[in-house]
Amino acid sequence: MEPTGVLVIRVWLEEGLEQDSLRARITQTLDISSANTTETAAASEREIVAVVERWLREFVGPSVTAP
């Protein structure tokens, strides 16, 4: 079986905040055959992108180089 990871991003906008109102809850696993998942909260587009990039680098391994 091929390795399969999953990353789910739930995003919403919170009203009444002066700064960036974007919020996210990110649930991730590097291996769906395992019950191990990690949940991360993010409060900006930059944080969300950083979590996704980190997850993808971990899933693919050292063969991926940063742009």
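Ile48 touches Ile9, Val11, Leu22, Ala24, Ile26 and Ala42, leaving aside residues up to four places away in sequence. In this predicted model, Ile48 sits in helix H1. Its relative accessible area is 10%, so Ile48 counts as buried, the cut-off being under 20%. Ile48 and Leu22 are 26 residues apart along the chain, and their C-alpha atoms are separated by 9.7 Å.

Ile48 also belongs to the largest nonpolar core. This core has six residues: Leu22, Ala24, Ile26, Ala42, Ile48 and Val51. Two elements, E2 and helix H1 (45-60), each give two or more residues to the core. Strand E2 gives the most, with three residues. In soluble globular proteins, nonpolar side chains tend to be buried together. Ala24 is another member of the core. Apart from neighbours within four places in sequence, Ala24 is in contact with Ile9, Arg10, Val11, Trp12, Thr40, Ala41, Ala42 and Ile48.

Strand E1 (residues 6-13) and E2 run antiparallel and are joined by eight bridges. Within this pairing, Leu13 has Leu22 of E2 as its bridge partner. E2 also pairs with E3, again in the antiparallel sense, over five bridges. Here, Gln28 has Thr38 of E3 as its bridge partner. Six of the eight residues of E2 are buried, so this strand is largely enclosed by the rest of the structure.

Among contacts with a separation of 6 or more, 32% join residues 24 or more positions apart. The accessible surface comes to about 5300 Å², and carbon and sulfur atoms account for 53% of it.

Part of the surface is a nonpolar patch of about 420 Å². Met1, Val6, Val8 and Ile32 make up this patch. Ile32 lies in the loop between strand E2 (22-29) and strand E3 (38-42). Its relative accessible area is 43%, and Ile32 is therefore partly exposed.

Three salt bridges are found in the whole structure. Side chains of opposite charge can pair when their charged atoms come close. Glu14 pairs with Arg23, with the closest N and O atoms 3.8 Å apart. Glu14 is partly exposed, at 31% relative accessibility.

A second salt bridge joins Glu39 to Arg25, where the closest N and O atoms are also 3.8 Å apart. This pair links distant parts of the chain, with Glu39 in strand E3 and Arg25 in strand E2, 14 residues apart. Glu39 is exposed, because its relative accessible area of 53% lies over the 50% cut-off. Arg25 counts as partly exposed, at 36% relative accessibility.

The remaining salt bridge is formed by Glu53 and Arg57, with the closest N and O atoms 3.9 Å apart. Both residues lie in helix H1, four residues apart, so about one helical turn separates Glu53 from Arg57. Glu53 is partly exposed at 43% relative accessibility. Arg57 is partly exposed as well, with a relative accessible area of 40%.

Notes. Residues numbered from 1 in each chain as written. Predicted model: local features only at pLDDT ≥ 70, side-chain atom pairs only at ≥ 80, totals over all residues. Heavy atoms only, no water. Contact = heavy atoms within 4.5 Å. Areas by Shrake-Rupley, 256 points an atom, 1.4 Å probe, with all protein chains shown as cover. Patch = residues over 30% accessible without salt bridge, like charges linked within 9 Å, V, L, I, M, F, W, Y side chains within 5 Å. Salt bridge = Lys/Arg side-chain N within 4 Å of Asp/Glu carboxyl O. Buried < 20%, exposed > 50% of the residue type's maximum accessible area, 1.4 Å probe, protein only. Pairing = 2+ DSSP bridges. Core = buried A, V, L, I, M, F, W, Y, C linked by side-chain atoms within 4.5 Å.
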